[in-house]
Amino acid sequence: MQSNFDRRRINGPEESFPPVYDHEEEAESSWKPGQSRQGRAAGDIRPIFLKAGLISQANGSAYIETEHTKIACAVYGPRQSKTTVYNENGRLNVEVKFAPFSCTRRRAPIRDAEDRSLAVQIQQALLPAVRLELLPKSTIDIFLTVIENDGIEGCIASGSVAASAALADAGIEMLGLVMACSASTVGEEIWLDPTAQEAQNASGSLIVAGMPALGTLTNVWQSGRLAPIRVLQVSSVHATDDRILRAHINHSQGMEACQERFVDIHTIVAQALLDNAHNT
Amino acid sequence: MAVPSLSKAERAYIQASLQASPPLRADGRSLLDFRTVLLETGVAPLANGSAKLNIGKAPQEGGGGTEVIAATKLEVEDVETGDGVDGGRLVCTVTCSPSAYPHLSTNALDELQYDLTILLHQTLSHPTLHPNNLGILPHKKSWLLSLDLVILADAGNVVDALFMAARAALWDTKVPRTRPLQYQSRKAGDALKNADAMEVEGLPEITSAFDTRDMARAAADFELPDYWDEGEVLEGRDRWPVCVTLNLLPPSHFLDATLLEEASTPIRLLLAYSFPHKSQPNLQAMRFIGSGEVVLTQLKALNADGEKYARSLFDSLETKLRDEDIRRNVKARDKFAVR
């Protein structure tokens, strides 16, 4: 298959499958629909470890780790744009790369199409926050490397947080730090910061990014089935109608829950940046 | 989504006129008016379902506007050895014709194509919208529904056009009826007895006695009962979503932007709503595009408005699709009956 032939590396066999272990199968199917979340409450996010300034070669960098999601981010810039066209505002260029060992099945080192969809979402989250009008003819390059991946929504959210910490570490002017949080609706509950396993069982997912300092949202990504706002009003009128009360999660509840978490994540990021500033 | 370059003066001019009272648009529409939408189904006879949609075609000269063609094709996939999934799967692809975007380089065109593909694929292939008649033989064969959209021209608001055309093509899709078959093999060495009808795709027939592989398979296959029958409609065709793009220009918003208006808008909100019969409407997708910010209370209000606009878009689209069904089936039959 020509598309998979990589001349620079030793190619393994064309088809290979990961081994399947007996005890792993039991562990995976232990959650049944209708049960509450295992390991944490529905509104809990995973604990975050964030450290800035780990990549000395870059202008700014940050490393974020939330249980099984590990992302390293490096920011280079502002540097001169390679294009000769005059840009009045700076350009923000985000590139995401998955390490081959980051997912359960090995990912080929070639640039994949899925990388781009993550990069687009992270760029959309950061774009309103960075003061690009102060950087004409310049480009800011943000490179994210996903070292371990536990759910794409989690990667996008953690990647946005790491990228904004790295931008702050690089001294690039912004309107505010961008925080992001993901959520999914499982049955009648909203679970914040789902793992890959939990997201698979969900009927809808939501990623919200915004600046808690200004109280605004910069990116909202939603996929799957979520009921719109009106349902809340309907359900208060027909209080006896079980069908309407049951199973319709309002997506604005999801967005509110995510936004409340922004303040918590913001304290962690601010603390990490202060620690880094003290140490250097 | 591929915006032309605008001067600051032009951008300010467009923004000022949209924010004036009463708001002024270049073609005289109000903020919430759509341009004329022309829809035709059944444009690709070789496809299982197809539709052509045009927004904003000039009435006299007969050209221009955003034009999108959507077509669905069904293929049989093997669940055990191939990529098939039990119950079938849906794959969406969007192609941008280079003639629609002459100012974009090949790379930029690829990226635009990819972004639109991922938007449609993530929304339409979500398990909550999955039709349940895409399986053929459980655990053996299933249908792969490929929905391909081609953008022939872009005069603004291409995402709404893509979703409408996708919905129309999926509405028009007919899944061929299949009947499961089972072969009885007599004993090792005999050729397999073939049932009378046609075999579309099957397991290889064993004709040689020297073939000592597994002979006594209880081979299961399927056939098409009637070649000329188009088949049954795709299940759940009332669930396919409709998208509205709200272009936000504080304090107001407007719909169906032309290319210049899109370039002057700091932020756009895409909302895809699904209105199944006898059930609550559902939000199937939400995206932000642009460098502006929104406050949560604004977003809630915009969602409520977006649902109203999507509802009216959905109702008119449904009326048109039913009309198209009548035009192609009932009227065509009547015409032939008269002859």
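Predicted model: local features only at pLDDT ≥ 70, side-chain atom pairs only at ≥ 80, totals over all residues.
Biologist: How many bridges join strand β3 of chain A to strand β5 of chain A?
Modeller: There are 9 bridges between β3(A), residues 69–80, and β5(A), residues 138–148, and the two run antiparallel. Helices (H or I, at least four residues) and strands (E, at least two) are DSSP runs, numbered from the N terminus. Residues are numbered from 1 along each chain as its sequence is written, chains are lettered from A and ligands numbered from 1 in the order in which they are written, and side-chain values use heavy atoms, with hydrogens and water left out.

Biologist: Okay, which residue is the bridge partner of Val75(A) in β5(A)?
Modeller: That's Ile142(A).

Biologist: And what order do the strands of that open sheet in chain A have?
Modeller: The order is β1-β2-β3-β5-β4, 5 strands with mixed pairing. Two strands count as paired if DSSP finds at least two bridges between them. β1 (49–52) and β4 (91–98) of chain A are the edge strands, each pairing on one side only. From one strand to the next, the twist averages 15 degrees.

Biologist: Which helix packs on it?
Modeller: α3(A) does, touching β1, β2 (60–66), β3, β4 and β5 of chain A. Its direction makes about 40 degrees with that of β3(A). For angles like this, axes are lines fitted to C-alpha atoms, for helices over the stretch in contact, and the angles run from 0 to 180 degrees between N-to-C directions. Touching, or contact, means heavy atoms within 4.5 Å.

Biologist: What else does α3(A) lie across?
Modeller: Helix α3(A), residues 152–169, lies across β6, β8 and β9 of chain A, running at about 165 degrees to β6(A).

Biologist: What's the strand order in the open sheet with β6(A), β8(A) and β9(A)?
Modeller: It goes β7(A)-β6(A)-β8(A)-β9(A)-β14(B)-β13(B)-β11(B)-β12(B), 8 strands with antiparallel pairing. At the edges stand β7 (189–192) of chain A and β12 (252–254) of chain B, each with a single partner strand, so one side of each has no neighbour in the sheet. Neighbouring strands of this sheet are turned by 25 degrees against each other on average, direction ignored.

Biologist: Where do the two chains join up in there? How many bridges join β9(A) to β14(B)?
Modeller: 3 bridges join β9(A) to β14(B), residues 282–290, and those strands run antiparallel. Leu226(A) stands opposite Leu283(B) there.

Biologist: How many residues of chain A are in contact with chain B?
Modeller: 39 residues of chain A are in contact with 32 residues of chain B. Together the chains bury about 3100 Å², 52% of it on carbon and sulfur atoms. Buried area is the accessible area (1.4 Å probe) that two parts lose on being put together, summed over both.

Biologist: Which three residues supply more of chain A's buried area than any other three?
Modeller: Arg116(A), Gln222(A) and Arg225(A), which supply 19% of the area that chain A buries against chain B.

Biologist: How many salt bridges does the rule find across the interface?
Modeller: The rule finds 4, taking a salt bridge as a side-chain nitrogen of Lys or Arg within 4 Å of a carboxyl oxygen of Asp or Glu. One of them pairs Arg116(A) with Glu111(B), at 3.5 Å from N to O. Over all chains the count comes to 33.

Biologist: Which residue forms a salt bridge with Lys52(B)?
Modeller: Glu67(B), with the closest N and O atoms 4.0 Å apart. Glu67(B) lies in β3(B), residues 66–78, and Lys52(B) in β2(B), residues 49–55, so the pair ties together parts that are 15 residues apart in sequence. Those strands also run antiparallel, joined by 7 bridges. In β3(B), Lys52(B) stands opposite Ile69(B), while Glu67(B) faces Ala153(B) in β6(B).

Biologist: Switching topic: what is omega for the cis bond joining Ser21(B) and Pro22(B)?
Modeller: Omega is about 0 degrees. Pro22(B) lies in the loop between α1 (8–19) and β1 (37–41) of chain B. The peptide bond from Pro250(B) to Pro251(B) is cis too, with omega near 5 degrees, and Pro251(B) lies in the loop between β11 (242–249) and β12 of chain B.
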